[in-house]
Amino acid sequence: EASTGDICVENLTASGLELSVSTGVVTAKGIDCAGDVQVTVSTGDAALTDVRCQNLMADGSTGDLRLQNVCAAGRFSIERSTGDVIFDGSDAAELLLETSTGDVTGTLLTPKIFQVETDTGRVDIPVSGTGGRCEIKTDTGDIQVEILE
């Protein structure tokens, strides 16, 4: 936990992980977590790469969240006020993503049943099929999701 500054963790195995910073950047790489990973950044960006966990919870006020090769057996629960959510080759059984002002873009590994909503923005998602629920809400922002096959 940090008030002002950056947090960086790499190549870590843990039962659970909680990373929190008021103003700064959170970077996590090569994390294998048997339980939940929680990331809170009030003002600043967060970037997670090569992370495995049960559930991922991420929230914050201002800044982007980038997920690359992040997989959760359970759920992604992501909430940002102002900032983009970008994911690349990431997935969870269920995804709940919400932004007030920001785009949600990325690639998932498996098909989902999509429920999306944006007040002012463009939506480009695959046709809903089988799989877990993927709920994405933005007030002002585009939603663009692809399924890697």
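**Note on the predicted model**

1. Asp 50 is placed in strand 6 (residues 46–53); helices (H or I, at least four residues) and strands (E, at least two) are DSSP runs, numbered from the N terminus. Although Asp 50 is not a glycine, its phi is positive, about 55 degrees. Asp 50 counts as partly exposed because its relative accessibility is 38%; buried means under 20% relative accessible area, exposed over 50%, and partly exposed in between (1.4 Å probe, protein chains only).

2. The model is a predicted one, in which local features need pLDDT of at least 70, side-chain atom pairs count only at pLDDT 80 or more, and totals for chains, interfaces and linings use all residues. Residues are numbered from 1 along each chain as its sequence is written, and side-chain values use heavy atoms, with hydrogens and water left out.

3. Asn 69 also has a positive phi of about 55 degrees without being a glycine. Asn 69 belongs to strand 8, and with a relative accessible area of 27% it is partly exposed. Most residues other than glycine have a negative phi. A check of the backbone at Asp 50 and at Asn 69 can start from these values.

4. Which strands pair with strand 10 (residues 104–108)? Strand 9 (residues 85–101) runs parallel to strand 10 and is joined to it by four bridges. Strand 14 (residues 143–147) also pairs with strand 10 in the parallel sense, over five bridges. Two strands pair if DSSP finds at least two bridges between them. Individual bridge partners include Ser 90 with Leu 108 of strand 10, and Val 104 with Ile 143 of strand 14.

5. Strand 10 is largely enclosed by the rest of the structure, because four of its five residues are buried.

6. The salt bridge count comes to six, where a salt bridge is a side-chain nitrogen of Lys or Arg within 4 Å of a carboxyl oxygen of Asp or Glu. One of them pairs Asp 64 with Arg 66, with the closest N and O atoms 3.9 Å apart. Arg 66 is partly exposed, at 44% relative accessibility.

7. Glu 94 and Arg 75 form another salt bridge, and their closest N and O atoms are 2.6 Å apart. This pair links distant parts of the chain, since Glu 94 is in strand 9 and Arg 75 is in strand 8 (residues 65–82), 19 residues apart. Glu 94 is buried, at a relative accessible area of 19%, whereas Arg 75 is partly exposed, at 33%.

8. Glu 135 and Lys 137 meet through their side chains in a salt bridge of 3.6 Å, N to O. Lys 137 is partly exposed, with 33% relative accessibility. A network of salt bridges links Arg 75, Glu 94, Arg 133, Glu 135 and Lys 137.

9. Asp 59, Glu 79, Glu 98, Glu 117, Asp 119 and Asp 139 form a negative surface patch. Patches are made of residues with over 30% relative accessible area and no salt bridge, with like charges joined within 9 Å. Asp 139 is in strand 13 (residues 132–140) and is partly exposed, at 39% relative accessibility.

10. Asn 11 lies in strand 2 (residues 7–14). With a relative accessible area of 66%, Asn 11 is exposed. Asn 11 and Gln 115 are 104 residues apart along the chain, and their C-alpha atoms are separated by 35 Å.

Technical notes. Patches are made of residues with over 30% relative accessible area and no salt bridge: like charges are joined within 9 Å, nonpolar side chains (Val, Leu, Ile, Met, Phe, Trp, Tyr) within 5 Å. Accessible areas come from the Shrake-Rupley method with a 1.4 Å probe; for residues, only the protein chains shown count as cover. Lys and Arg count as positive and Asp and Glu as negative; His and the chain ends are not counted. The place of a charge is taken as NZ of Lys, CZ of Arg, CG of Asp or CD of Glu.
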